[in-house]
Amino acid sequence: MLDGFDFAALGETLEGLGADGWLLYDFHGLNPVATRVLGMHGMGTRRFFVLLPRSGRPVAVAHRIELASFDGFPGDVRPYAAWRELHAVLGPVVAGKTLAMEVSPRDGVPYLDRVPHGVVQLLEGFGARVVPSAPLVTRFAARWSAQELVGHRRAAEALAAIAQEALRWAGAELARGSEVRETTVQRRVMEAFARAGLVTDHPPIVGFQANSANPHYEPREGADRRLASGDVLLLDLWAGPAAGGGTVFADQTWMAFAGRTPDAEVRRVWETVRAARDAAVGRLRERWGREAVTGAELDDAARAVIAEADYGEVFMHRTGHSIDRDLHGSGPHLDNFETADDRELLAGIGFSVEPGIYLAARFGMRSEINVYLQESGPEVTPAAPQVDLLLV
């Protein structure tokens with residue numbers, strides 16, 4: 001537990017926040033930040049609090065029936081059972097302290113807002129003051145390990161190959177007169193994942209023509225669309241390596257057209273989405289190493305391209321999401337639309353870049369790549385992102 005944790009860096013970050021410590025809280029998996037930072041596995045069924053102070057020994061307050069989860073904890077473990085005992089034990093640990101926790105004022109960034117209001121009230125009743133832990137989450141919870149980066153790269157290249165093969169197969173089957181349905185392509189991708197040693201938490205999104213205009217469309221057997229000549233095809237797939245410990249998924253969206261001559265609007269929408277994607281990465285490259293850059297600024301850069309092409313009203317989601325051990329992670333998002341995510345992007349974190357245009361009842365386009373932030377700058381995965389609309 002807390003193996004290799006950088007307590008010196010923690011002290012520096014807490015000093016910048018004006019906080020005495022980082023108080024990690026969880027109950028039934030409400031706060032994945034806490035379990036990730038602590039290196040805990042599984043989900044506890046009782047409340048725990050862990051204080052990582054600016055200086056001094058860490059302190060854990062844990063239920064007596066779950067003390068085994070804190071074997072090897074590098075500090076004091078103070079047990080409780082009854083709620084009165086919890087209050088008696090917790091109060092002296094937090095009294096008079098300024099504590100960083102996973103809260104977001106006015107629920108500004110929901111992925112940071114993991115601690116219930118009642119818990120904050122409890123702590124305030126003991127005389128503590130609670131402040132947001134945003135910089136701590138970015139620095140300590142959202143960063144990838146070297147092993148996770150290696151696994152992500154492998155998954156990214158495998159996904160790119162699987163996506164292109166599946167889309168070209170669909171076009172070839174259509175050309176020879178076979179029936180191709182969305183769920184057929186979905187199954188083909190899942191079979192390819194198994195062969196490649198990849199795991200996922202959900203089958204991919206496969207949408208033909210009008211269904212591609214629904215950003216979170218899910219094909220259902222018997223209610224899915226049959227591929228027709230002239231259709232736009234959207235394939236959104238995500239997975240990570242099954243072996244090798246902690247997994248950081250790769251997450252990509254690939255676009256195709258069933259035919260050789262897409263009309264002018266299909267081409268224009270594709271080129272706009274691609275340009276928006278590249279504008280976000282380009283802004284990051286320009287700024288990296290010179291001045292701080294936030295996810296909100298990259299969202300603005302992508303959104304401006306789409307707005308200039310008069311599709312701003314149909315780009316209805318953020319430009320990208322944090323990726324860590326959760327596909328939609330707790331680190332900074334590329335978002336100044338759904339939320340105002342003004343967290344600074346730091347080396348060691350990763351995220352998606354996926355602008356989209358969705359013309360209801362007609363077709364939609366999204367282009368999704370991932371970015372890992374090296375100290376030297378952004379690394380895009382897959383190494384060869386989609387440049388041209390696949391004509392299948």
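In this predicted model, six strands build an open sheet of mixed pairing, arranged in the order S4-S3-S2-S1-S5-S6. Strand S4 (76-80) and strand S6 (129-132) are the edge strands, each pairing on one side only. Neighbouring strands of the sheet are turned by 25° against each other on average, direction ignored. Within the sheet, strand S2 (residues 48-53) and strand S3 (residues 59-63) pair in the antiparallel sense over 3 bridges; Leu51 has Val59 in S3 as its bridge partner.

| Helix | Strands touched | Angle between directions |
|---|---|---|
| H1 (residues 7-17) | S1 (21-26), S2, S5 (98-101) and S6 | about 90° with S2 |
| H3 (residues 83-94) | S1, S2, S3, S4 and S5 | about 150° with S4 |

The largest nonpolar core comprises 40 residues, of which Val269, Leu284, Leu345, Phe351, Val353 and Met365 touch the most other members. Elements that give two or more residues to this core include strand S9 (232-241), strand S10 (250-257), helix H9 (295-308), strand S12 (350-353) and strand S15 (369-374). Helix H8 (264-287) also belongs to that group, and H8 gives the most to the core, with 8 residues.

Leaving aside neighbours within four places in sequence, Leu284 is in contact with Val293, Leu298, Leu345, Phe351, Val371, Leu373 and Pro378.

A second, separate core holds 30 residues, among them Ala9, Leu24, Ala134 and Ala141. In soluble globular proteins, nonpolar side chains tend to be buried together.

Definitions and conventions
Residues numbered from 1 in each chain as written. Predicted model: local features only at pLDDT ≥ 70, side-chain atom pairs only at ≥ 80, totals over all residues. Heavy atoms only, no water. Pairing = 2+ DSSP bridges. Helix = DSSP H or I, 4+ residues; strand = E, 2+ residues; numbered from the N terminus. Axes fitted to C-alpha atoms, helices over the stretch in contact; angles between N-to-C directions. Contact = heavy atoms within 4.5 Å. Core = buried A, V, L, I, M, F, W, Y, C linked by side-chain atoms within 4.5 Å. Buried < 20%, exposed > 50% of the residue type's maximum accessible area, 1.4 Å probe, protein only.
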